[in-house]
Amino acid sequence: MESLEQIRDRLLARFPGASITLVTNPGPAAEHSLLLSAEHARKIAMFLRDDAALQLDYCSNATGIDWPDKEVVETKKVAVPDPAGGPDKVVEEKTTRLEPGYLESVYHLYSMALRHGPVVIRMRTVNRSNRVTLPSLTPVWRSCDFQEREIYDLYGIVFDGHPDLRRLLMWDEFKDHPMRKDYVEPDDFEWEPTPHGAVLDRAKTHYPAPEVKP
Amino acid sequence: MLGSGILKGLAVTAKNFVGSYHDPARMVTVQYPEERSKLPENYRSFPLLVCEDAADPMGTLRCVACQICEKECPPQCIYIEKSKDKKPDATGKPQLYPTVFAIDTSVCMGCGICAEVCPFDSIKMDQVFEVAATDRFTELLLNREQLAKPNSYYHSIHPTEAAEVDARLAAARLAAEEKAKAAAAAAAAKAAAAATAKPAAPAQPPSAPPTASASSTAPAPGAEAPKSYSRVS
Amino acid sequence: MSVTAEAGTFLERAPLVLRDAVVQWFPAPLQWLAHHLITIVAILAVFGVFFAFTTVAERKLLGRLQNRLGPNRAGLPWIKGSKLFGLTQPFADAVKALTKEDIVPAAADKLLHFLAPVLVVAFSLMTFAVLPFGRNLIPVELDAALLYFFAAGSATELAIFMAGWASRNKYSLLAAMRALAQVISYELPLMLSVVPVVLVVGSLSTSEIALAQGGWTFGFLPHWHVFTPWGFFGFLLFLVAALAESNRAPFDLPEAESELIAGHLTEYSGFKYALFFMAEYFGLTALSGLGVTLFLGGWQAPFAFLEFIPSYAWFMLKLIGMIGFFIWARGTLLRLRIDQLTRLAWQFMVPLALINLGNAAFWALTSGWSGPLQFVRWGVSIALVVGPFILLGRGLNGGRGPRTYRYATS
Amino acid sequence: MIGTGSAPSPFGQLSGPTVRKVKDPFHGDLLEVSMGPQHPSTHGVFRMDVTLDGEVIVKLKPVFGYLHRNHEKIAENTSYLGSMPYTDRLDYLSSMSTNWAYALAVEKLAGLTVPDRAQYLRIILAELTRLVNHVCLVGFLFNDLGTSFTPLLYAFREREKIIDLFEALSGSRMMCNYQRFGGCRVDPTPEWLAAASRLVDNFPSFLDEYESMLTGNEIMLARTQGVGRLDPKHAINAGITGPVLRASGVNYDLRKVDGYGFYPRFDFRIPLGDHGDTYDRYMMRILEMRESVKILQQAFRELPAGPIMDPKAKLRGFRPKPGEAYGRLESPKGELGFYLLSDGSPNPYRYRVRPPSLINLTLLEEMCLGHTVADAVVILGSIDIVLGEVDR
């Protein structure tokens, strides 16, 4: 299989308007990925599937990732002129900047015909609001059907063009998206008084334990 | 011919019918409460805490309340409170001990990770699987008195593993002893050297006597446990 | 019914003598009533107990087929630790069924929902009336006994339909429809498999049919119908049709556990459920009894020197054997689909039963052949059975068969 | 939701059949049945909203989530090691394979190597798991086909012998929690290996008997051949993997394609079906078990001595470097993948399971359309799902 850079270059030549970025993976696995812009993603996916040299006919895995808003602290060295006329004083100035978060969907593509892979492609939403959309790749790979429904369910990415976008695992009336990092479990989640979850507190309140019958 | 497959199937079931009367490879059923199949040595159910002395389990717990198991426990069913004071452990080093050690066995899934990560060979997996209670909120929350089992019991359920652990602990104790001896010797030498200059200070071993059994030096369990936690009355 | 007890061993005569003795206690105008009541009570008692032990036998037999022990714990409640090989299990089950809450769905048709289990037991019990359980031991002597039997027997399916419809449950509804399809399909082959017997014997009366199978060829081969080509084949057809008629595996489509949960029984609980269960076993027993009567020589002993054993014991033994076979088949076979079930009936069993009818006619016409012609008679008869069986079987199989597979090494 | 929003039922509200009027007067009414979550043949709490025309399925919608416990969220709040026992509970019939898949992904993420003996042990246990899983599947499939538990209990009898081995080795029958990052947890004793080898040698005779019981049975052939066809083109596009895919004739087995572990050292073949129907899917399992026996026999012959853990692997305080990895292997049900994203902390930042059971259900509706209720149950049984993995 050609390298990811070659694929990117070929894609850029084929789809001139698209923005395709190589995202490197610093870990030992070194499975780098291509970040696709949302508007061209489905066309690119079609190309990847049907291209004779790639034939990525099999989308193994589709998943979402949540990257919450992050406060980035930047330190800048600023030279402050000394009012006394001496040499400039170098002062470190801290600025905090809110880096907006985003939701990401990642697809692992393989070729069953040519037995190569994976080619990892990813797409990012603009922000983390509730109606963030990405193009659905289900028309390209049917295997994304349930997986995109799951991403929609758990992360709240709305997939445009998905034939049947409903919640997959949570019930239909459920409101939140539980896999987001800022998800807060509702208090009345389990109406039954159960020791699960709050076991640590319970251990404190319930100690001493009852008498052990001989 | 139509029907031959059916006849073959009937023959197989007939064979199994006859076989169930004489062939133990076919008849594998065990009449459970009366007959029991032998548990393999590696079998694990719920955790237990190993103590050295059955007579004084609370005084001789191997647990030093390091809380590693608490952190690693996947369902978070362990709760530990450290002691304020220290007492000597199996190797004779003064260590903390758990004033509270509770495992909620209604949450515990018996994965054995606590036993695996325990660096002090204190928490091990029991083989009691007939655990039943009438109340799932309190009776299955085991405290340290219920969890503590003597080393001899541990030997009876996991003989191979317990022997390894004992050998390891003995080696550690020996090393500690030698270290203490060396330290004592060094201190003595130092003291002797000091004594030549200033013959006043007597030599003092740096730690509690390692040869002494842990149980004899440990304070009585009821005495040191905070009042609110003492169950035995 | 012949009232006079014939000569025979005491045991052979015992049931009739006992009945006549009890009848004598009643005043003469009531004797006919006492006579019939005693018969009814005897049937209920004998086959009630027989039903109880059939259930436990089925469970134990299935258990052994599946390398399990089966129920073996229920003993006597007042003796601690008694087990009795689990033989008291059915009584414990009965107590459980009686004490369970009876749940009727809110949307159900209450009347039909109640009537269905009552009717199903009543109809299945009615079939016992015409079975000759032994020499002269037949509750009602009817000339058209076989017709009566089938009329009563197929009515049980209507009760099943009633149960399925009245439950107002989708699964029950599907089961009810299946039951109807099944009864329509299998009444025909069942009757057609019986007609050769009627043809050869020349009577619809079950006691006559049983009597006609007495005697031995060469002194050891009984004159049972199953030992003739047409009889053997008719017996096979009868077995399959009886399985379907009594809703037993592999034809338990109305109750199909893996598809329809419990079919028409889904909304039944407690004693009503037990009644359905009872009716199923009564139906099974009655059909087995009919099979024994028609093909396996009824109450006739297999060998002349064994005739000292009373006739009803032989009947019971054969009955138990047949029920054992049904249990064995249940432990082995898998269920057909409803379309395959009807196809099997219409495309395979009905034509074969018709051919077998012709075969029986040939057999009846050639009864005078002897010497080498006897071999010709047997040969022609067997060919008439085996040829169509293989041809139709091939058609039914429709090119299905074991396949060979290819392998990849990389 | 299907089944609730339609015309008022003529039978009342509680359990009456919801009959929907169809315009075509010659077509009759359709019956909407909710098969599951309490149904004997949905293999757990799976539900199918089925619309029936008579007994023929005209629409089928799978409904998931009744066993959902957000395994992925739990794993993101637990250490890497702490997720290992949870993976047992994904596909609880084949926990050894699931363990390995997770360990494989973590090893890829952290760059750990696995000693030779552990590689062999993993293959032994994964193949034993394959036997357990397939033997269960076949038993359950026959139960769905309407046998009175007999084949299922024969299958469970053999499964019992194998999970007794698992218990003797790992301490638990089903929740093995055996694999570790960079090796295995317990080294088997020679007695265990001898017992396992004996069992494996006896396994083909069991398979022969099992096959002679029902493979050639006419009812079995009629019920399975031609039922639930799946053509390879759609199967590939729908991401269907494992024996279900190979029954459609696609030669794609990760043991050969990826050659993970020491599988390239082993001599085995991949059975392939030509029809893609239920019978082929059933036979794939039987034939794969025969090939697994070959792998196992070779593994027992060649098992080397040596350590079973990578000395670099740390049990406590395991923190892989930032990065991501997707590890996948051929579990008995298909391609089981774990996608892990590390941010350098002790807990995975993103932990994702690619469940073969769920994705193999993608084409369930297409496979069932036009067949009857009885077939739907059998088709579902032949796909081989475990709800612990479907719903996670």
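**Close-up views of the predicted model**

**View 1. Polar contacts between chains D and C.** In this predicted model, 21 residue pairs are in polar contact between chain D and chain C, both residues at pLDDT 80 or more. On the chain D side, the elements that give two or more residues include strand S2 (30-35), strand S7 (270-272) and helix H7 (218-224). Helices H4 (116-144), H5 (150-170), H11 (278-302) and H14 (373-383) of chain D are also among them. By class, this side of chain D has 30 nonpolar, 22 polar and 13 charged residues.

**View 2. Extent of the D–C interface.** Here 65 residues of chain D are in contact with 44 residues of chain C. The two chains bury about 4700 Å² between them. Carbon and sulfur atoms hold 56% of that area.

**View 3. A salt bridge across the interface.** Six salt bridges are counted between chain D and chain C. One pairs D:Asp277 with C:Arg403. Their closest N and O atoms are 2.8 Å apart.

**View 4. Strand pairing between chains.** Strand S3 of chain C (residues 406-408) joins S7(D) through three bridges. The two strands run antiparallel. Within this pairing, C:Ala408 stands opposite D:Ile270.

**View 5. Strand S5 of chain B and its partners.** S5(B) spans residues 98-104 and is mostly covered. Seven of its seven residues are buried. Strand S2 of chain B (residues 78-82) runs antiparallel to S5(B), joined by five bridges. There, B:Lys82 stands opposite B:Pro98. Strand S7 of chain B (residues 141-142) also pairs with S5(B) in the antiparallel sense, over two bridges. In that pairing, B:Ile103 stands opposite B:Leu142.

How values were computed: Residues are numbered from 1 along each chain as its sequence is written. Chains are lettered from A and ligands numbered from 1 in the order in which they are written. This is a predicted model: local features need pLDDT of at least 70, side-chain atom pairs count only at pLDDT 80 or more; totals for chains, interfaces and linings use all residues. Side-chain values use heavy atoms; hydrogens and water are left out. Contact means heavy atoms within 4.5 Å. Buried area is the accessible area (1.4 Å probe) that two parts lose on being put together, summed over both. A salt bridge is a side-chain nitrogen of Lys or Arg within 4 Å of a carboxyl oxygen of Asp or Glu. A polar contact is a pair of N or O atoms within 3.5 Å; within protein, one must be able to donate a hydrogen and the other to accept it, and residues adjacent in sequence count only if both atoms are side-chain atoms. Helices (H or I, at least four residues) and strands (E, at least two) are DSSP runs, numbered from the N terminus. Ala, Val, Leu, Ile, Met, Phe, Trp, Tyr, Cys and Pro count as nonpolar, Asp, Glu, Lys and Arg as charged, and the others, Gly among them, as polar. Two strands pair if DSSP finds at least two bridges between them. Buried means under 20% relative accessible area, exposed over 50%, partly exposed in between (1.4 Å probe, protein chains only).
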